[in-house]
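Please look through the sequence and the model shown here before reading the explanation that follows.

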Amino acid sequence: MKTRNLPSARTLGPVSDLERHLPPDWWQSLFNSLYIKTDGDVVENDANTTQDVDLLIGAAGLEPNDTILDLCCGQGRHLLELARRGFKNLTGVDRSRYLIRLARTRARNAPLNVTFREGDSRKVRLRATTYRCVTIMGNSFGYFDREEDDVAILETAKRALVSRGTLVMDVTDGAWTREHFEPRSWEWIDEDHFVCRERSLAGDERRLISREVVVHAERGVLADQFYSERLYAREEITGLLEKIGFEQVRLHAEPESRSTRSQDLGMMARRLFITAVAPEKKTPRRGVVPFPAVTVLLGDPRLPDSVKLNGKFNPEDIDTVKRLKDALAELTDYSFQYLDNHASLFSDMRASPPEFVLNLCDEGYNNDAFLELHVPAMLDILNVAYSGAEAASLASCYDKALVRAVAAALDIPVPAETYWDPGDQAANLPSVFPAIIKPNFGDSSIGITTNAVIHTPEEAIDYINWLRDTLPGRPLLVQEFLPGTEYSVGLVGNPDLGFHVLPPLQVDFSRLDDGLAPILGYESKWDPESPYWTQIRYEEAELDDERRRAMVDHSMTLFERLGCRDYARFDFRADAAGEIKFLEVNPNPGWSWDAKMNLMAGFEGLRYADLLRLIIEAAQARVAAARNGRH
């Protein structure tokens, strides 16, 4: 005989006004495992999904190579069905972390190549003018208190669609539902669970408010939850789409919802299947330059520079600046002046504020890497527009442990890691070897040499002691060493205005001398005599579509969350099992002719001047949009 447990949740009992008890953001917590159980008869019904996708393909005229975005995708059932049918370029976005994780698990187990992202569809940052088709399926529309929030989702769809792309919506028939909803119902979900439902119209009769009390036969009440949906009649949803700018709004055959329990269909009982065409999007004319006069900020060659070999500007650095100036001279749409005297940098710009600054001073103010963020801060104080990241973003990205924590919170795979504070009396040694030890703060691979990869506790202690002497007071990271291929993803652009994704790069360590750790350490960037400089090769990455898309999506997500602007580089590396994990982000990454960003640009046939133009155009478009109130 089973022992009866106490109820695990409280119920409000009889409620006279459902609307008064409706939480404003009910949708943030409702879509969980209990939702899958209570609504599974409809939303986990293969017959419904198959029918919906048949309608989708026919109504939108989809082809397997089309790029498709599903907003409010839930557990991804429509995209997974499209993938089973051979569709390749599929992305889903949903606010529910539980449903996105479920979708990813199902895609991985199938296996099916679909990208799923967690995000609020009202404001999720997506590549503009990217998708041939955007869908809002399964009655996932109208959840918010304000109609303006529904408009925001449709604006997201319009922005994401290519010129004349197709929006597909599958929403409840508001007029029919307003007249035919069931005020009360109850049903058994399975042998142990049943659900009681109440429904009533909101005071303005524009939303249907619902209440569900989910009960376990022995454990009692599991949930007493409220939710709502705005009721759009055919003419209302058509008018809304046309008001936003969509054209050729059409209603198609109504989907027939089925239930495996043959009981309460709720909001899925009668649905509208709608297509609309996005407006024509004009391509900006090349030659219209918002800020033709560009001031270029650089490091100061007169000052010491502790990052560079021998602590000063070398002939290679002087040549790098010359190549930069030669390339910029090819951009005849612009005129360039150069500022590199840091002693008078602030006073020079205050006396004659530049129209626009191309900030290439990644050495930092006075060639101090810790003062890199002071340069954009100075420009902000002077109210001067500039390219690249703001001070706050540079500060965040300089902290490798912080960046790793942000990535991990976004479910982006990262290597195992221990943070070691210089105040610790004893090192936190890795439990698994090999490992790599590096400074938590820093760029240009300072503090990372071939000895950074350690295989024994003794090697770890030796390298920590060396770093203590070399970089006193600097926190360290003891990180799982990833022996697989190293990759980089380069993005040029901004979330609201679209990205140019450079072809990903991979590092070839195969020519490296035996005994040298396969890493991109300090020697590979600053010492022309080192085998790391001469023997490492960079080539276009050999990746399948799924892994490439995953790295690009992770990069775009981090670009936004970390406040990057205009261009950034994201580095990844595979572990022994082949899983690709995120290493670090580089806002304002190396801009030189032989840096990774330009190498990636070369993979698609772009010249150095072309890359510099892309960066300038991305930055100036962002500034112009912000000044016009469109950011």
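A charge sits over a ring if NZ of Lys or CZ of Arg is within 6 Å of the ring centre and within 35 degrees of the ring normal. In this sense Arg-565 lies over the face of Tyr-386, at 5.0 Å from the ring centre, and the charged end of Lys-325 is placed over the ring of Tyr-338, 4.8 Å from its centre. The model is a predicted one, in which local features need pLDDT of at least 70 and side-chain atom pairs count only at pLDDT 80 or more, while totals for chains, interfaces and linings use all residues. Residues are numbered from 1 along each chain as its sequence is written, and side-chain values use heavy atoms, with hydrogens and water left out.

Rings can also pair with one another (Phe, Tyr and the six-membered ring of Trp, centres within 6.5 Å; planes under 30 degrees apart are stacked, over 60 edge-to-face, the rest tilted), and the structure holds 16 such aromatic pairs. The rings of Trp-26 and Phe-31 have centres 6.0 Å apart and planes at 50°, so this pair is tilted. Both Trp-26 and Phe-31 are buried, where buried means under 20% relative accessible area, exposed over 50% and partly exposed in between, with a 1.4 Å probe and protein chains only. Ring pairs also link Trp-26 and Phe-31 with Tyr-35, Tyr-143 and Tyr-227 into a cluster.

The rings of Phe-572 and Phe-582, with centres 5.6 Å apart and planes at 70°, form an edge-to-face pair. At 1% relative accessibility, Phe-572 counts as buried, and Phe-582, at 1% relative accessibility, counts as buried too.
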